[in-house]
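Let's take a walk through a protein fold together. Have a look at the picture first, then read on.

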Amino acid sequence: MAHLDPQHTVTRDDDDHRYEIRLGGVLAGFAEFEVDRRGRLRFVHTEIDPAFEGRGLGSTLVREAMTDVARRGETVVPVCPFVASFLTKNDVPGLEVAWPRTSDPAPAP
């Protein structure tokens, strides 16, 4: 199990449409979302600064973000592969997930 600095914080920044994880006040990563026309949060990208990789921060960020979304009664659409993978492996009590359709054909090259 990766060691996690006890000084981490995860916060939601609605102005930038993302959840941020900080270690000792330094931005270590974020999970971006878009609000769709139904008010659902489409998580589209998750990124951890390379200086902070290997500490389990991505999973911590997504777990705390999903817990907050569930607490707010919102719905998640996991477009980001990292968020989708997390949600297939972990239960988040009370979280409503609307899986994106994967049957849409890929655009031609």
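Which residue stands opposite Glu96 in E6? That would be Thr75. Here E5 and E6 pair in the parallel sense over 2 bridges; two strands count as paired if DSSP finds at least two bridges between them.

Before going further, some ground rules. This is a predicted model, where local features need pLDDT of at least 70, side-chain atom pairs count only at pLDDT 80 or more, and totals for chains, interfaces and linings use all residues. Residues are numbered from 1 along each chain as its sequence is written, and side-chain values use heavy atoms, with hydrogens and water left out.

**The sheet and its helices**

The open sheet has 6 strands in the order E1-E2-E3-E4-E5-E6, with mixed pairing. E1 and E6 (96-97) are the edge strands, each pairing on one side only. Helices (H or I, at least four residues) and strands (E, at least two) are DSSP runs, numbered from the N terminus.

Angles run from 0 to 180 degrees between N-to-C directions, using axes fitted to C-alpha atoms, for helices over the stretch in contact.

| Helix | Strands touched | Angle |
|---|---|---|
| H2 | E4, E5 and E6 | about 115° with E5 |

H1 has 16 residues and reaches 22 Å from its first C-alpha to its last, close to the 22 Å expected at 1.5 Å a residue (the expected span is 1.5 Å times one less than the number of residues). Just after H1, Gly73 takes a positive phi of about 75°.

**What's inside**

The largest nonpolar core has 25 residues, and Tyr19, Phe43, Met66, Leu87 and Leu95 touch the most other members. Such a core is a set of buried Ala, Val, Leu, Ile, Met, Phe, Trp, Tyr and Cys residues joined through side-chain atoms within 4.5 Å; buried means under 20% relative accessible area (1.4 Å probe, protein chains only). H1 gives the most to this core, with 7 residues. Leaving aside neighbours within four places in sequence, Leu95 is in contact with Met66, Val69, Ala70, Glu74, Val76 and Leu87.

The chain's mean pLDDT (the predictor's confidence in each residue, from 0 to 100) is 90, and 87% of the residues reach 70 or more. Where pLDDT is low, the predicted coordinates should not be read in detail.

Notes. Buried means under 20% relative accessible area, exposed over 50%, partly exposed in between (1.4 Å probe, protein chains only). Contact means heavy atoms within 4.5 Å.
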